[in-house]
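Read it alongside the model.

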Amino acid sequence: MRASILCVFALWSCGSDSGAVPDGDGDGGTDELVDASPTADAMPACTSHELPRELDIDFDGDTRKVFLAGPSEMPTSPVPLVINFHGYSDGPEFQEEISGMSEHAVANGYVVAYPEGTGALLGWNAGACCGTAATLGKMDVEFTERVIEEVAALACVDLSKVYAVGYSNGGFLSHRLACELSDKIAGIAPVAGVMGMSSCEPTRAVPILQIHGTGDLVVPYDGNFALGFPSVDDSMAGWSERMHCDSAEPTVFFEQGDTSCVRYSGCDAPLGLCTVAGGGHNWPGGQEIFGRGTVSTDLDANQ
């Protein structure tokens, strides 16, 4: 059942529809199709080698660490890359610990990268969130491009299968990347983070799976007007409009225990939402974080 979530959103390309989707202007001409996934230039043959644990990236006046995990020896055929962005004040090693995604990457043959935010509390500039990264306008979209380039130089990465996931502030950032880096990001899966951008104009439709708990007190499911956080429903409505989804009610495709997942219909790219009833501000299936509410054991966000 959990594998069906992965297939529905094509996060590892385990089956898909057409390689192109309509751009939504309604004239039906084939010349109006846009590519459904990022394109990558032909890659040279990869050399099998050991994946380094971390690297340092000098960017925009900061030196940031990126922690890496994946197969113990990199294969010679390209593998997907998942960039996993931490929450505000948490840091990359904490994100690795609470998500458990490194073990999942090793078991499933992809590379996961955990980049580091900026400022004393390590934040990301995702518009409405968070900290000095946002107030100073840090170039985190361009930094993400740099991360992709640096990791691809070390590992055998399939550049058409680069995904962004994130928790809290990192989830906000993944929304921004779907808006502003859609030519390089194949899909996003924000956890406990909503849309923080006042303007969003992607160049292609990006598959999205939003994961959020109704008991989240940090990024409330119903939004926080004072902080400028929209509700989950408003975030999804915005994506539904951008992706030209039809007006039909979303349909349930996964239901187990406290979790119900729905997908929207008629969209330019897969769009879905997993709601955890009573779920707190945490990573479903991951480690419990003191003071951040209930962790679901019915949904594994890594899957």
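## Ring pairs

Searching the whole structure gives four aromatic pairs. Rings of Phe, Tyr and Trp (its six-membered ring) pair if their centres lie within 6.5 Å; planes under 30 degrees apart are stacked, over 60 edge-to-face, and the rest tilted.

This is a predicted model: local features need pLDDT of at least 70, side-chain atom pairs count only at pLDDT 80 or more, and totals for chains, interfaces and linings use all residues. Residues are numbered from 1 along each chain as its sequence is written, and side-chain values use heavy atoms, with hydrogens and water left out.

## Phe59 and Phe143

One of the pairs joins Phe59 and Phe143. It is tilted, at 5.7 Å centre to centre and 55° between the planes. Phe59 lies in strand S4 (residues 54–59) and Phe143 in helix H5 (residues 140–154), so the pair ties together parts 84 residues apart in sequence. Helices (H or I, at least four residues) and strands (E, at least two) are DSSP runs, numbered from the N terminus.

Both Phe59 and Phe143 are buried, meaning under 20% relative accessible area (1.4 Å probe, protein chains only).

## Phe85 and Trp124

Phe85 and Trp124 pair edge-to-face: 5.1 Å centre to centre, 85° between the planes. Phe85 is in strand S7 (residues 79–85). Phe85 counts as buried because its relative accessibility is 0%. Trp124 is buried too, at 0%.

Ring pairs link Phe59, Phe85, Trp124 and Phe143 into a cluster.

## Charges over rings

Arg64 lies over the face of Phe143, 3.8 Å from the ring centre. The criterion: NZ of Lys or CZ of Arg within 6 Å of the ring centre and within 35 degrees of the ring normal. The charged end of Arg242 sits over the ring of Trp239, 4.6 Å from its centre.

How values were computed:
Buried means under 20% relative accessible area, exposed over 50%, partly exposed in between (1.4 Å probe, protein chains only).
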